[in-house]
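Subject: Structure for you to look at

Hello,

I am handing over the structure we spoke about, and below it you will find what came out of a first reading. Please keep it open beside this message while you go through the points.

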Amino acid sequence: MAGKRKLLIQSAVGLGLVVLAAFVTGGVLGFMNASGQDVMSSSAALWTVGVFAVITMLIAMWVSLKWMSSIDEAAQEAHKWAWYWGGSSGMAVGGALVIMASLPQAAAINIPAWYSDRVDPAAYAATGAFAMLTLMLIGYGVAWAWWWWARR
Amino acid sequence: MNNRLKVLRAERDWSQAHLATELGVSRQTVNALETGRYDPSLPLAFKIARLFQLPIESIFSDEE
């Protein structure tokens, strides 16, 4: 129980650090924007968002590491199984969509501009990466639930 | 792999939650072990054997 409590506290601290990093990043960019600079096109924005992204992912990895080491071996096995089979299945669905995107008919598909109303190649690349990630996470969730359901 | 975990636990009148606490695992893991749908690692198998003060081979069996 003490281990779980410690993990919850550490996760809350990790989440708090991400929120703090977002607050500082937003503050810096807001300050620069208010001073009349074209913030998002500047190299400062590139560095600020880049550093924020790296810090966020490092914190996420740290919380994941703490989480994985706090659960027992069967729970770890469930996650490893789900990562391999669920993630791979989700990637297979995404892979089929990638292959179908090579068809000339795919050029006529209008993909919604959800990424800050942008329709440039980088925004579409992010859309594709996010779609693949979503499919893999869905597969992961289903596989994880299946693993425990089969051992109930 | 088969095991006698459920029988051994019942003999001691322990709940799954109690056994889980003794082994440092979740109750769900104890359930998965008892139903034979999850095989423990060697360290956990040794821990189980020490807890019940029995040899591993008298708790776990690879016979169908």
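Before the chains are compared, one term has to be settled: two residues are said to be in contact if their C-beta atoms, placed from the backbone, lie within 7 Å. Please also bear in mind throughout that this is a predicted model.

As for its dimensions, the C-alpha atoms of chain A fill a box of roughly 60 × 50 × 15 Å along the principal axes. A compact globule of 152 residues would have a radius of gyration near 15 Å, whereas the value for chain A is 20 Å.

Chain B, by contrast, has four helices and two strands, and from the N terminus on its elements follow the order β-α-α-α-α-β. Its C-alpha trace spans about 25 × 25 × 20 Å along the principal axes, and its radius of gyration of 10 Å agrees with the value near 11 Å that a compact globule of 64 residues would have. In UniProt, an unreviewed entry carries the annotation "domain: HTH cro/C1-type", which covers residues 5–59 of chain B. Over those residues, 5–59, the chain is 62% helix and 0% strand, and the end C-alpha atoms are 7 Å apart.

Within chain B, one pair of helices deserves a careful look. How do helix H2 (residues 16–23) and helix H3 (residues 27–34) of chain B pack? Their axes are 8 Å apart and meet at an angle of about 105 degrees, which makes H2(B) roughly perpendicular to H3(B), because angles from 65 to 115 degrees count as roughly perpendicular. From H2(B) the contact is made by Gln16(B), Ala17(B), Leu19(B) and Ala20(B), and from H3(B) by Arg27(B), Thr29(B), Val30(B) and Asn31(B). By class, this contact of H2(B) with H3(B) has four nonpolar, three polar and one charged residues.

Notes
Residues are numbered from 1 along each chain as its sequence is written. Chains are lettered from A and ligands numbered from 1 in the order in which they are written. This is a predicted model: local features need pLDDT of at least 70, side-chain atom pairs count only at pLDDT 80 or more; totals for chains, interfaces and linings use all residues. Axes are lines fitted to C-alpha atoms, for helices over the stretch in contact, and angles run from 0 to 180 degrees between N-to-C directions. Angles under 35 degrees count as roughly parallel, over 145 as roughly antiparallel, 65 to 115 as roughly perpendicular and the rest as oblique. Ala, Val, Leu, Ile, Met, Phe, Trp, Tyr, Cys and Pro count as nonpolar, Asp, Glu, Lys and Arg as charged, and the others, Gly among them, as polar. UniProt positions are given in the numbering used here, feature names are shortened, and annotations may be inferred rather than shown by experiment. The radius of gyration is taken over C-alpha atoms; the globule rule is 2.2 Å times the number of residues to the power 0.38.
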